[in-house]
Amino acid sequence: MRIDIITVLPELLKSPFEASILKRAIEANLVEVHFHNLRDYTSDNYKSVDDTQFGGGAGMVMMIEPIDKCISALKAERHYDEVIYMTPDGETLKQGMANHISLKENIIILCGHYKGVDQRVRDHFITREISIGDYVLSGGELAAAVLCDAIIRLIPGVLGNETSALTDSFQDNLLAPPIYTKPREYKGWKVPELLFSGNLPKIEKWREEQAYERTKERRPDLLED
Ligand code: 6GU
């Protein structure tokens, strides 16, 4: 998979890709991530990427021309399956969406800033608009990093144990069950005895029940889907 990220703040975006699982995925060539600074696609001396709104109103709008130049330069090199725009008014990111996008070959992610982009960018270049939740961030960069993490970890070979992504919270619309490690007892707080029984079917059944109870308690909305 190849991900091209278009941003006015590449420095805000880079560090999540320089540690742990994302770093290893890149080093193992399971994913390529490229950053494009929108200012490199401007044509005026000030390297302007935004301007005031037509019709008046507070806040700047990201201009179409640098975005067009950047996306067109990328599209001249290869086919893209998706051009995603990160925006708080997009579709809320869910596990199913992450699963779907992780199967794509090449994607572009455009990070919104200021008030957002000229509507014509959305009408003519964008194939999918994604939000990471009902709150407003200063820009789309951190949201893009969240999206990338959610999809890259699903690429086969990225996680050591291939089954571990399958047992994540949300993967089957259930939250994950409680988990424990050593010591068996800490300050008198014990690990459930069943987990030492060696009875794998019984342990699996307990985990399913716990996952269901936790979901019913915390996220009953997931059980309605
Ligand atoms: Cl994608 N962008 C911004 N600016 N804020 C957000 C968001 C995106 N998703 C949730 N809040």
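Where is I132 found, between which strand and which helix? In this predicted model, which comes with confidence limits, local features need pLDDT of at least 70, side-chain atom pairs count only at pLDDT 80 or more, and totals for chains, interfaces and linings use all residues. Residues are numbered from 1 along each chain as its sequence is written. I132 is found in the loop between β7 (128-131) and α6 (141-152). Helices (H or I, at least four residues) and strands (E, at least two) are DSSP runs, numbered from the N terminus.

I132 has 19 other C-beta atoms within 10 Å and is therefore partly exposed. On this scale a residue is buried if 20 or more other C-beta atoms lie within 10 Å of its own, exposed if 12 or fewer, and partly exposed in between, with C-beta atoms placed from the backbone. Leaving aside neighbours within four places in sequence, I132 is in contact with L93, A143, V146 and L147; two residues are in contact if their C-beta atoms, placed from the backbone, lie within 7 Å. V136 also has its place in the loop between β7 and α6, and V136 counts as exposed because it has 8 C-beta neighbours inside 10 Å.

Turning to the ligand, 13 residues surround it, and the closest are M86, P88, S131, L137 and A143. A residue is near a molecule or strand if its C-beta atom, placed from the backbone, lies within 6 Å of it. Strand β5 (residues 82-92) supplies the largest share of this shell, three residues. By residue type, the shell around the ligand holds seven nonpolar, six polar and no charged residues. Here Ala, Val, Leu, Ile, Met, Phe, Trp, Tyr, Cys and Pro count as nonpolar, Asp, Glu, Lys and Arg as charged, and the others, Gly among them, as polar.

For the protein as a whole, the secondary structure comes to eight helices and nine strands. The radius of gyration is 22 Å, well over the 17 Å that the globule rule gives for 225 residues, so the protein is more spread out than a compact globule. This radius is taken over C-alpha atoms, and the globule rule is 2.2 Å times the number of residues to the power 0.38. Taken along the principal axes, the C-alpha atoms fill a box of roughly 70 × 40 × 35 Å. The protein is divided into domain 1 (2-152) and domain 2 (167-225), with bounds from an automatic or database domain assignment. The C-alpha centres of domain 1 and domain 2 lie 36 Å apart. Buried residues make up 22% of the 225 residues. Of the contacts with a separation of 6 or more, 75% come from residues 24 or more positions apart.

Some backbone details are worth a look. The peptide bond from K182 to P183 is cis, with omega near 5°, and P183 lies in the loop between α6 and β8 (185-186). S20, in helix α2 (residues 20-27), has a positive phi near 55° although S20 is a residue other than glycine. K187, in the loop between β8 and β9 (189-190), is not a glycine either and has a positive phi of about 50°. K187 counts as exposed because it has 5 C-beta neighbours inside 10 Å.
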